[in-house]
Amino acid sequence: MKYAKKSLGQNFLVDKNIIKKITNLVEIKNKDVVEIGPGKASLTNEIIKNKPRTLSLIEKDNNLAEKLRLRFLKNKDIKVFNQDFLNFDIKNLNKKKLIIFGNLPYNISSQIFVKILKFKNWPPNYTDLILMFQKELGEKILGKFQSKNYGRLSILSHYKLLSVKKFFVSANCFFPKPKVTSIVIHFKPKKQLSFKIRDLAKLERITNILFSNKRKMINKNISKILKKEDVKKIDNLNLNSRPEELKPDIYYKLAEFIEKDK
Ligand code: SAM
């Protein structure tokens, strides 16, 4: 029986061209690499061919993690962590310029992405993030202001990351075949952040509150974030706007203001 757990979002990549296209997005040689959810190692094997200095594999599935551990037992530069990435502290790897790959499990890919965004250090300990998402989610992450995909995720993502390249991956490239198309996005951390938000959870909270009803003007919900007298302290904050009509900078200013106010 072919082994695949739906609950862990196990759709394994089988298309060799796509695997190469993903690993060719970045120079791997002599770099420290992390892979989230290596599964049956299809991407992993191609990463190894490109000679990383070290490779850390984080796999939640006990069975698959054990197979990986046995397979790479003799290679001291490859470490397998049988852990849930959501509970894994990447700081413990003690590396500064990681490349992080992940063909993410669909069911928790936005949680994994937000966890990476919330890493506190800046500049972060990664130089490249190469992640695969379900197409619709990826488009939400990329959504520019004034596009239909603009929203909480794109506001969070644009605060810290630049997306440098993307391509779609057909469901036929996987086994078992998912019902959806996927998208690979290559992100790089922004060199300079234009606002100082220490705790991204603040920004997350603000976007969650204001986007809780996309069609509604923000005048009611804003009271959950700001005192009445503080509204005028945020430039261009028009209370008759809908959340999607506010530029990302206004969300960043709000988060910055709330942190200073504490
Ligand atoms: N990288 C492989 C590939 O491209 O064929 C597998 C990709 S599959 C879409 C997602 C992988 O993530 C599975 O191996 C699954 O067991 C693993 N996974 C699911 N949830 C996880 C979690 N919370 N932490 C780490 N790995 C997880």
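What do the buried residues of α3 pack against? I looked: β1 (12-13) and β4 (78-81).

I note that this is a predicted model, where local features need pLDDT of at least 70, side-chain atom pairs count only at pLDDT 80 or more, and totals for chains, interfaces and linings use all residues. Numbering runs from 1 along each chain as its sequence is written, and side-chain values use heavy atoms, with hydrogens and water left out.

**Helix α3**

I checked α3, residues 62-71 (helices are DSSP runs of H or I, at least four residues; strands are runs of E, at least two; both are numbered from the N terminus). Leu64, Ala65 and Leu68 are buried (under 20% relative accessible area; exposed is over 50%, partly exposed in between; 1.4 Å probe, protein chains only). They cover an arc of only 100° around the axis, so they sit on the same side of α3 (the arc is that of the directions from the helix axis to the C-beta atoms). The face turned away from them carries exposed Asn62 and Lys67. I also found the N-terminal cap: a side-chain oxygen of Asp61 lies 3.0 Å from the backbone nitrogen of Asn63.

**Domains**

I read the bounds from the domain assignment, automatic or from a database: domain 1 is 6-189 and domain 2 is 200-261. Their C-alpha centres lie 31 Å apart. The contact (heavy atoms within 4.5 Å) takes 13 residues from domain 1 and 17 residues from domain 2.

I then looked for salt bridges (a side-chain nitrogen of Lys or Arg within 4 Å of a carboxyl oxygen of Asp or Glu). The rule finds 1 across the interface.

How values were computed: Polar contact = N/O pair within 3.5 Å; in protein donor to acceptor, adjacent residues only side chain to side chain.
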